[in-house]
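I opened this entry to see what holds the chain together.

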Amino acid sequence: CLTGPIMDMDSDTVMVDAASLYIKHFKGETGRLHWSHGDAQPKSIVVEIIDDDIWEQTEEFTIVLDVTPHPNPHFNPAINAERKTIKVKILGPNDAVLGRIGFNTSVLRVSEGDTVCLPVVRSDGTDETVYAEYECNAETAKDSKSTYTEPQDFEWLGQRSGQLVWPSGSNATKCINIRVLRDKIYEADENILCEITSVYSDYASLVPLDGFLEMLIVIESNDDQIR
């Protein structure tokens, strides 16, 4: 419900035509606002916004006021030029399907010597840009040099924590990369844990769905190397 400007007048009758520019997302209308003699109350213009199921960004249309000429030009009112038009915004994005963000599995088993992508995927929708914050920790596995009897188990090939970004329209798989090192020491299964700590978009009201938010990476025991 859009309120038109108040017209100050003290005689006769004033009529104002209200015309809105037509676009497909609302019903374009023309009409007439009527003020009788002595009437200075605000009038309302009602524009029906069409609810659809299509993803759209913020859109706008314009409502324009113009005076209906009076038979006696002496009684034609003036419309404030700064208030002759009003822009109306249909806020977006709306009907967005941001998708689901998460690891592609909750447990990944790897072997010594493997170079591994820990996959983070976006599925079930690609509207808008979405973000994921992640953090990885060496649990029982070792990611730094140690002793001969307790050697380093793997190394990070990129950041162990950070942000992953999917632009609008993208569902490309993102990788957190590690390399599992070979050694000649028998070891039981060792673990690395990666977590997605938050997922979000550029709009507070739009949040992607959660997939697997944790992945346990198991470096399998290498008992086949026992001699």
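**Entry 1: D183.** I began with the backbone nitrogen of I185, which lies 3.0 Å from a polar atom of the D183 side chain. A polar contact is a pair of N or O atoms within 3.5 Å; within protein, one must be able to donate a hydrogen and the other to accept it, and residues adjacent in sequence count only if both atoms are side-chain atoms. I found D183 in the loop between strand 13 and strand 14. Strands (E, at least two residues) and helices (H or I, at least four) are DSSP runs, numbered from the N terminus. D183 is buried yet has no salt bridge. Buried means under 20% relative accessible area, exposed over 50%, and partly exposed in between (1.4 Å probe, protein chains only). A salt bridge needs a side-chain nitrogen of Lys or Arg within 4 Å of a carboxyl oxygen of Asp or Glu. For D183, the nearest side chain of opposite charge is K142, 8.5 Å away. Lys and Arg count as positive here, Asp and Glu as negative; His and the chain ends are not counted.

**Entry 2: ground rules.** I noted that this is a predicted model, where local features need pLDDT of at least 70, side-chain atom pairs count only at pLDDT 80 or more, and totals for chains, interfaces and linings use all residues. Residues are numbered from 1 along each chain as its sequence is written, and side-chain values use heavy atoms, with hydrogens and water left out.

**Entry 3: the whole protein.** I counted 0 helices and 16 strands. Of the 227 residues, 37% are buried. I then checked contacts (heavy atoms within 4.5 Å). Among those between residues at least 6 apart in sequence, 74% join residues at least 24 apart.

**Entry 4: the cores.** Which residues touch the most other members of the largest nonpolar core? They are I101, L118, V120, I178, I192 and I217, in a core of 27 residues. Such a core is a set of buried Ala, Val, Leu, Ile, Met, Phe, Trp, Tyr and Cys residues joined through side-chain atoms within 4.5 Å. Strands that each supply at least two residues of this core include strand 9 (115-123), strand 13 (174-180) and strand 14 (190-201). I also found a second, separate core of 11 residues, with V47, L65, I79 and I90 among them. In soluble globular proteins, nonpolar side chains tend to be buried together.

**Entry 5: I178.** I178 is found in strand 13. Its relative accessibility is 0%, so I178 counts as buried. The C-alpha atoms of I178 and V116 are separated by 5.4 Å, though the two are 62 residues apart along the chain.

**Entry 6: salt bridges.** How many salt bridges does the structure hold? It holds 6. D39 and K43 form one of them, at 2.7 Å from N to O, and both residues are buried. R160 pairs with D143 at 3.1 Å, N to O. R160 lies in the loop between strand 11 and strand 12, and D143 in the loop between strand 10 and strand 11, so the pair ties together parts 17 residues apart in sequence. R179 meets E155 at 2.4 Å, N to O. R179 is in strand 13 and E155 in strand 11, so this pair ties together parts 24 residues apart. Last, I noted that R109, D189 and E220 are linked in a network of salt bridges.
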